[in-house]
Structure formats: C-alpha cells, structure tokens
Amino acid sequence: MTDPAGVTEPSVTILDVGHGLCVLLTSEAEVTLIDTGAGSTVLDQLRSLSRTTVRRVLISHADRDHVGALLTLLSDDSFEVQEIWLNSDAFKESALWAALIYEIDDVERAADTQVQFGVRERQGFSTGPFDVEILAPRLRLAGLGAGSRDTDGRRLETNSLSVVARVHAHGSPLALLPGDIDEVGLAHLLDQTPAPDLYAPILVFPHHGGHVSRASNASANADFASRFVSLVRPTTVIFSIGRGQHGTPRKEIIDAIRNTVPGINILCTQLSMLCSSAPVGAGNVAHLLQAASRGRHVRAWCAGTIIIDHHEGSWRVRPSRAFHQAFIAANASTALCTGQLSTTS
Amino acid sequence: MLTIDSATISTVGVIDDNPEARQSYEWTLQDANVETIGEAGPLGELQEFVGRAVNRLDAVLCDHHLRIRNYSTFDGAQLAAALYEASIPAVLCTRWEDAHLDLIRPYRDRVPALIQWEDLDPDTFVDALALTIREIKGEFSEQRRTWRTQVHIADVGVDEQNEFFYVDLPGWTSDKVIRLRKADLGAELANQLKVDARWHARVNIGTEDAWELYFRDWEPR
Amino acid sequence: MTDHVVHIRFAADVLRRLGEELNPSVDQGIIELVKNAFDADASKCTVELRNVDTAGGTVIVTDDGQGMTPKDIADGWLVLGRSIKDPSHRTPKGRLPAGSKGLGRLAALRLGHRTTLRTRSTTGARTAYKLEIDWDIYDNVELVEEVPLSITTETPVRRGRGTEIEIEELRHRIGRTDVTRLARALVLLADPFSDDASGFNPLLLAPEFDDLAKLVEARYFPEADYHLRAEIDSDGYGNVDVLDGYDKLLYTANHQEFSEHPDSPYSCPPARFDLWVFILSGENFRLRSVSVREVQHWLRNFGGIHLYINGLRVNPYGNSGNDWLDLNLSRVRSPENRPGTNTSIGRIRVDDPQEALIQKTDRSGVIESEAFRDLRNFATDALEFMAKRRQADAEKRRQRERNASKRTSERTRASLAKAIETSKTPDKPQLQRAFERYERATTHEIDTLRQEVQLYRTLSTAGITAATFAHESAGSPLKVMSLNMDTVERRGTREFGTEFTKVLGSPLAAIRRAIRSVGVLGSVTLHLVEADKRRLRRVDLHSVISEVVDTLGPFFEQRDVQVEVQLGQGRPFLRTSEAAIESILTNLISNSLIAFEDVITDRRRILIGTEISGGNAVLRIEDNGPGITVPTVADIWLPGYTTRVHGTGLGLTIVRDAVHDIGGSVEVLRTGKLEGAEFIISLPILGA
C-alpha cells in the first residue's frame, strides 16, 4: 500500500533532521518514533502522512538534536503522543531538560500520555511488524546516571547512557540504532557473558560519525568505528548528519569502516562539507524521496531522508545505491564514501 | 504577465520613497515579465492607499524605509501586512539590520516574504511572490508554518530603555536567544512577563533563521 | 739630650678597639672589603657566605682587581689608619679611590678567628702570594708587633690577577637581616641608576641578592610623575629642571631663581641631583600597564635619596629610615606637592677629587663640614623650588575647576565654607583643613574622570557620525547601484549573449565588489553600536569571534589579509556584554591591519585562536606583520599613544580596559609565533 508521501508501509524512515536523529517506524496501525530531532521536520513528515497520533516516542538520550521536537509534538494540539520512553538526565543540557519535563508534566495531566522513565536493557516493545529490543543502557549505568563514575573510574557522560535499540522486522534483525553511544557505553554493553548479539544489516552509526567522545582523537575514532562495524556486521551504514556541523562524518571513521567491510554501502542524509565545498545544484533531486527533509530548503542534501521499506519479499534501502552514487558522481567531487577524497594524510 | 498557481500577475506596484530606487526596482521587475507602476508619493493614509490598490495592482514590491523623504507616514512592513489582509500579495524589501528586524517582526505573520535588495532579481521576486500568494490561500511552507511550542522567557527589561524581553525556543533547532519588543505584546501581556517563565505561542520553528521567526497567539503562564 | 729611644706601641687589644668596636656592623665591614676591590680596579667582586647562619661560618671576598705584590701587602694592606696621600690620584681605570683608612677592613678581617689573603698581582701572575692571620694568637700577646706574619708563595689556584680574602670561623652568625642589608648595600654600591656603568659589579651569592638585583633593574622611572634634575657646576652655581616622567621639561630655574642665597655659590664640589617622584594612587595608575604595588615594592626597597661620592655609595644616606634631607618632615606640611622617602627615589652624585667631603671613621656618614652642609642646602633648595611650582599649578587647576563647576555646587560649597568659617567650635581649624583636603580630593577625582571622558568622547563622536550617516549610505545609492548592476548584467547577457560577459564581465564584477565594500562599512558601524550588544549576559566566545571575523570579512579582502580562526574544543562562555568582546577583537584586528601597512609581506596573515586552560579561555591574536617595534612595549597601552600619523591612540587602551573590566589579563609579545605581534588575552570563563 502506498500513501501520499510515496512510502510503502511498513517502513523505517531515517529522517533528514540535519545534525540529530529521528527514526520513524511506520506501519498501517501506528507510528513509533525513536528520537525526534529538533525543529519541525518530524512534524512536517507526520502531517504529510496524516498521522496525528504517535503511538510511542523512545528517546535515546536528552540531547537537543535528538529530543527537541518532542516538546512541540506535545505542545502542539494537532498531535497526540500516547507513550513516552526516556531516561531522566539533566546533566548535559539542563535547560532543555527542564523545558521538556515541564511540558511532559503538563501533557501527562491533561491528556492520557503514559510516561516511562528508567529505559534500559532487556525492555522492548512491538510496533506493527517491528519488534524493538533495547540493549542499553545497562541497569547499573541507568542507575548511576550521567555525571557519575563507573568502577573503573570512567566518567559516565550523557552519551554513555544512550539507549541502543535493535529493530527486528518479521523476526529478523533489521537495523541497529545505537543513539550516540560512546566507548564507555559500549564497554559496559559488551561486558557480559554471553556477549550480546549486535548483528543488523543496517546500522545508523553512533554520534553522527563525529568524535566518539570529547577526548577522542583520530586513531581512537577509527578504532571504535572498525570495532563497531565488526560487531554489527552491517551491509549498509547510515550517517544522520548536518552539513557544516561539527565536521561530520569524520574521514577516519569512514575510512575505517570501508577498510573493515570493503564494498559496504554508506549513506549520509546531508552532504558533508568534506565531500563537496559547494552547495547542491537545485535541480539534482532525482534520487530524493517524497518526505520531509531539513536539508532540502538549504540545498544541503545528499541521500536526504532515507527510507527502508519492504519490497518484493525483502527490505530495501532507498534511495538505492545506483541513484545515490549517480548523485554523488555529479555533485560530490570529493565524496568520502567512495574514497574520492585524497587518501594522503 | 505571470501565472503563479491560478493567480495572474500583470501589474506590480513599486513603492520606495526614492524615485531613483523606484526606477531601479521597476527595471528589475520588468525583466520578470510584469508591468510596473512606480507609486509617486505622498502615499496618504494607509487604509486609503490599500483601498486604491485593490483592483489596480495585482502585487506589490515595497521597500521598508519609506519615511526618509516626504513620502509616507507608515513603514513598508505595515503596508505589506495591510495589503496581505486585503489579499494583495506584497514582497518586502530591505537590508538586514537587526535593529529594524525588531520592528518588522510583529508584521511577519502577514509578510511571508522579506528579501534583501542585494538578493533581489526576477527569479527571487517570483519565488517570493509565489510564497506569498500561496500563504494568502492558506498554504504554508515548512519555514513559515507555525506550531504551538514552548517559549522560555530568558530575560526581561535588562536593556537601557526597558523595551525588550528575550526568549529562547527549546523546541527549535537553535538555542539562540531572540529579542522581542514588549510593546508588541501589548501592555496586558507584557506585564505578565517573568524571567524563567514558560509560555506558549505559535512559532514557525521550521525556519533556520532567527530573523524569520514570528510569534502569534501568545499564552502566558 | 737622648737617653732612651722609645716608641709609641699598641697593645694587641687595640685591634679590637679599632676593629669591631669602632665598626660594629657586619655588612659595613664586608662593604669595606668590596670597596678595596673597587680601588684595585676590579670589575667583578664576589662575596660568598658559607654556613653563616650559625657561628663558625666563612666569608669569602674575591675580586679580579690588580692584586698585590708582597710590598703592596706589607706597606699597604697591613698598614692600618693611614689616609690616602693624594686623593685625586686616579686608578688606571680612572676611579677615585674610596679612601679607606683600613679600619673598616680590619673589622671585617676580624669577623672570624682566621683570615687568609691570597693575591695575584699583574706583575707576577704566575705566582700567588698567601698571608694567613690567626687572630687568636693576638689574644695571647701583649703588643701588636710581637706577632710575625709571613707571606708565602704558592702556585695560583685561579687564573689571572685578583685577590681573595677568606675569613673563617666567624665569631657570630650572620642573620638574615644582615644579609639583606648587605645585599641592598651591594646592589646600590655602584650607582645602578645611571646608564653609564662604572664597570664595577659587586655580587653576593645569596638569593636575597638575586631578588634585589633583579628588582633594581626594574627601573620604574618612566612611571614617575616628576623628575627633578639639579646640578652644581665647578664654580658652585646651581640650576634646576623639573621634568615629567618622560623627561619633558615642566619648570626650570637658574641659581638666582631657586637658591636661598642667590648671590653666593654653593661651596661644595660639582654635584648632580636626580630625584624621581611618584604619585602612588590607584587612579593614577589605572590607565597604566604596571601596578601601584609593583612600584611601591620597588620604592620600599630602594627609595630615598642616596649619596654617591666618586662612584660609590656612602652609607647611611638613603638607607631605609634615613631622611637626611628631611623630605618627610616637609611633606607633613603639604603632602600633595612634596615627595616623601616612600614615594621617591634619587641620588646625589659628587665628584670629589679633593676630598672636600670626608667620611667618618666609623662609617656613620660624612663629617659635617661646610661643603657637606652646602650640598644639603643645594638639594633642599631644589626640592623647595619643585614644591612651590607644583603648588602653584595645583592652585591654578583648582581655580579652573571652581570656575567650571555648576552654580548650585558652587553655592553649596560656599555655604559650607561659610558655615565652617562662622562656626564657633574650637575644632574650626581642623574642620577647615578637613574641608580643604576634601575639596582637593574631589577635584582630583573629577580631573581624572574628566580626562577619561574626554578620551571616549573623541572616539564616540567619530562613531556617532559614522553611524548616523551609515543609515544614509546603506540606503538609496547603494540600492540603486546594486539593483542596476544586476539589471545591466541580466539584460546584457540576454541581448548580446556570451560576448557580453566576455567583454564586460570583469569590469562589472569589479563594480559589484566595490559596491559590497561600501555597503559593509555602514552595516559594520551600525552593527557595533547596537544597544543589545552592551547588555550583560552569557556570551559565547566562539560565536562572537566567528561573527566579528565574518563581519569584517570584506575589509580583510580589501587589504589582502588571510584570517585563520582556530577555535579550541568546547564552547567557552562568560557573563559579559557582546560589545566588550567585540571591542577587544575589533580593535586588535584593526591594529594588525594597520601594522601591515608598514611592511611588505608575501602573505598577510592573522591568526585567531582559542584554547581552554583551567578556568580561563586564552585568546591569541597574532599576525605576521612587523611586530611591536617601539622601544618600550608597555607604552602601547597608553591612551593617545600611536605610531600612526592620524591614529587615535585609543584602540589598545580600550582593549586593555575592556579586558580588565572582565577580570582578565592581556599581554603582548613583540614577536610572536608568526613573527609579528602576538596578543595573549586570558579571560575567566564560567564554563565551556
């Protein structure tokens, strides 16, 4: 079944929200959001899909660019949010957190919204054909909270407590959404017997392909990247980035991924400054999907909003590799994903 | 003559207090295939002028600073807003100076298109006009549609003249603080302003530019 | 008729009488040994103290002077109490000998139980002569001449000529106070204040000395508010100049005009009196690059008026607590116009080949002769002259202030003055004095403020004019130009195709660029005066830097300057106004842009970088221009100081004031990493 936005349901949509993240799990019956980005992109998308009810919003961590739009979803009368799953965290962006909490409080009283704090491993839910398995944060991390230290003396940042969600479709793993998890969070995730299975054909790379943590350097980033893709073994890696923001995705991360899994399919929502210093030519839209996309208005798109839908028995990623590569050939002379950027260091 | 959606635009009025500037605007618009009428001043009363514009002008391009010469008692933003209310699409032209954007912002709900004259050419004019025509019909672009969202009052009256209050929008993509005039709220609302209060308003948080933000339907707390 | 030939003889005890009893101070004794080195034409003289914090320690005085032959030792060094035969006889280096009778030396040598002299003279450099004196022996004999002393030879331990005196087994400890006094005396011994070195450098191996030596180098003379310079010529006639801190003449007088006895000369040898007077108040130093405290510390250690006769300092003149010219006494009468020993530093230098000024045997000063009295009168006459002139000036200024002040305050003042005048209280004189003091203080305050206001008024006027007319220029003409430029290009390409762009593309592009630049000045100016920017709030340092660099972009283009911004990790913020940060950045950048005008550089570069260090953000602005080439770096911060023909001289002052107001600090490197000037600003941040 197709709907006006050109998307076949059920689908997993990685929305182009610039630097941030917003994933929609859409099925005929309901829509669930994992992170919402900031601004109005997810609102525009929901409106165009005529989806005024959001079954559930799962928040990976309380960063503005992951949770900002939740606030408007709650305050704007044209939407109804039935459930919110998030972890309390005033550590990194306390002003934003306060704003959000006040809004949630209002809505919880006025409407029937269920709010669940304490999101952690071994929880999960189903939405349409998707089963979402929550792999992190661990109980001990969730309990300690951001700002405290683990037994190895490592500081727990907001990113360390990021929710890691694995989306299964029809019983098989489909996509891994690790939020902005960093090395500390990953270490805790892996510190169990047996080691958790992180396999998924599609990976949305953590932290927009930026520095893994504040103190990271290029080699630490590359290390993390190759370890991560070795654990997840995806065939497609997606970066949800904002053009010109924070220098993402970092070249060493892309290189490490391409070295670890040669031939892997890499897509970024927006066009990194490293891939092309000039903005996109206005007419280069053949590959873009009919979906809300923040990069559209400012000519910053690469793959744009990415949709994973079911077609003829299998899950496909759109825009397709062919379309995407055609766009890159014409518009991104120094594209990182195809290694056209000079490799001299 | 232009056709935008189902609207036909053949005559565009050009409003600027400087005759040379008017002429320059006219030349630019003529290259977009419309006929232009430079409005010689003085313009007279606002509503009278709007009344005379209806049925005479299909669209208007007006500059914001109209009061320097003996031309008008109202600004371009006021005029554009009044024309909008009369369903005449008007494009406002000015130069980015934050001091003036303050004064223009309260009209922005009725002035969809604001261009810098540096950026004005036949194409951008047509785009701006199209945006305005659609909005008059009720079709809002993502950058112009308002959403009810939380407005955090960051500061009140800390400026020398106690004219301003400052807000930030937690739901927006930027944490930039925006300066607004107390006068634009009206006395009743302005008196309720308190630092750190969380109000709501309809704001076009789909825009990336702080100077494009406009606010309506204030709900104090 | 001769019956017995007898001689006057000296009991061994006399050594003690003439030595330590006559010259009790340890430091003065050692200074005498150092003076001997001076007389021996030494350039270096080192005093080493070993284990002197308890008794039994050692003092070693080493010099590289002429050294002594056995004859010199026998007929000179060992002969005590002899005056110099010919005081005008100069040493080969031209020094007038310090004229020691040797009694001070005796005291020094007797500081310990044993003394060893080693010396190598020019005429016998391959042989060293050694003389050992064991003072304990003298305690066991009756008469001085009963103790034979022998000069032995040895191969020299050191190269070259010179003398080394080692005093062992000190009878007492030499405490810290003594060491400090000794250090100070040594530092001051050979006039450290003049620029012509006497070529004599005494050195004490002790940290106290190093600190003081460094401090005396500080030379805060330009910070002085007045420099008194008076001279007596060879005929005894004087003249006096009073200069400002930069040695620009303020007042001047000849002998008749300032001497108390205008018709008679001073009967003392030619002398030169220099005195630097400081006004040590917070406000006076507010606009300077050194602090009151630094200068006070310096003055506390070296202040006062020192006396140098024949190149060496004479004790105790200028010692801490010594006020031989009664500065402090005079100051009580009029503190505003007179220097005190804590607020001034200077010296009187006398060339005295005829020994008109004779030092007392116990080294407690110069004998009160007519010459010395006249020398003192000369100095006090000069001081009096300066005080009178300063007073006259102050009065004139106060009069001006009074005339300038508003009617109401004048009336209020008059009524207060009248009330005090007509009051019958016995405290009336105190009240009147208190009122006068108050008035002086207030007018002084107003004066300082007025100066600053004038400073900023000058600048504001320029800014206001630019801002006012910027509105005009940002308006119509630019608009007309810009719109029509586009129209010309559009219609041209439409009508004439690619030929048009080929022929006219470049000139049109040039016009377009020019239009942009003109437009920028207007908007930059308006941008800067926005009231919002003056509001105190959380300011994101990195965004302001980016914005400023962005705004000034066209100016960089025009001047061919490449600006690189390297921002550290994090987003440092502080509570201040945007205007403050902008004024710091804009002024420093302007400074660089202007500096480039003076040189040819291949690639003009400005580098702006930040890094977080502790609770501070360190902002660096460096360029590859000519660097700071003015002789005194500290001068660049002074208001009105400019090397540019039509410069305002205010930019860097504003930078410094703005930085200090924020609670930060700024320093400058003449030549930084990029070979041009480098400004380093440290700002306290609230977070990052």
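# A first look around chains A, B and C

A:Arg122 sits in the loop that runs between β8 (114-116) and β9 (124-127) of chain A. Strands here are DSSP runs of E with at least two residues, helices are runs of H or I with at least four, and both are numbered from the N terminus. What you're looking at is a predicted model, where local features need pLDDT of at least 70, side-chain atom pairs count only at pLDDT 80 or more, and totals for chains, interfaces and linings use all residues. Residues are numbered from 1 along each chain as its sequence is written, while chains are lettered from A and ligands numbered from 1 in the order in which they are written.

Most residues other than glycine have a negative phi, and most peptide bonds are trans.

Is A:His207 buried or exposed? It is buried, because 27 other C-beta atoms lie within 10 Å. A:Arg122 has 9 C-beta neighbours inside 10 Å, so it counts as exposed. The cut-offs are 20 or more other C-beta atoms within 10 Å for buried, 12 or fewer for exposed, and partly exposed in between, with C-beta atoms placed from the backbone.

| Cis bond | Omega | Loop holding the proline |
|---|---|---|
| A:Thr193 to A:Pro194 | near -5° | between α5 (183-190) and β13 (202-204) of chain A |
| A:Arg318 to A:Pro319 | near 5° | between β17 (314-318) and α9 (321-331) of chain A |

## Two helices side by side

Now for a pair of helices in chain A. Helix α6 (residues 218-232) packs against helix α7 (residues 251-260) at an angle of about 35°, and their axes are 8 Å apart. Axes are lines fitted to C-alpha atoms, for helices over the stretch in contact, with angles from 0 to 180 degrees between N-to-C directions. For the classes, Ala, Val, Leu, Ile, Met, Phe, Trp, Tyr, Cys and Pro are nonpolar, Asp, Glu, Lys and Arg are charged, and the others, Gly among them, are polar.

## Where chain A touches chain B

How many residues of chain A are in contact with chain B? There are 21, and they face 17 residues of chain B; a contact means C-beta atoms, placed from the backbone, within 7 Å. On the chain A side, α1 (41-48), α2 (64-75) and α3 (94-110) each give two or more residues. The largest share, six residues, belongs to α2(A). By class, the chain A side has nine nonpolar, seven polar and five charged residues.

## Over to chain C

Chain C has 20 helices and 21 strands. Of its 688 residues, 35% count as buried. Helix α19 (residues 578-596) of chain C is mostly covered, with 16 of its 19 residues buried. At 1.5 Å a residue, those 19 residues should span 27 Å, and the end C-alpha atoms are 27 Å apart, which agrees. The expected span is 1.5 Å times one less than the number of residues.

Terms used
Contact = placed C-beta atoms within 7 Å.
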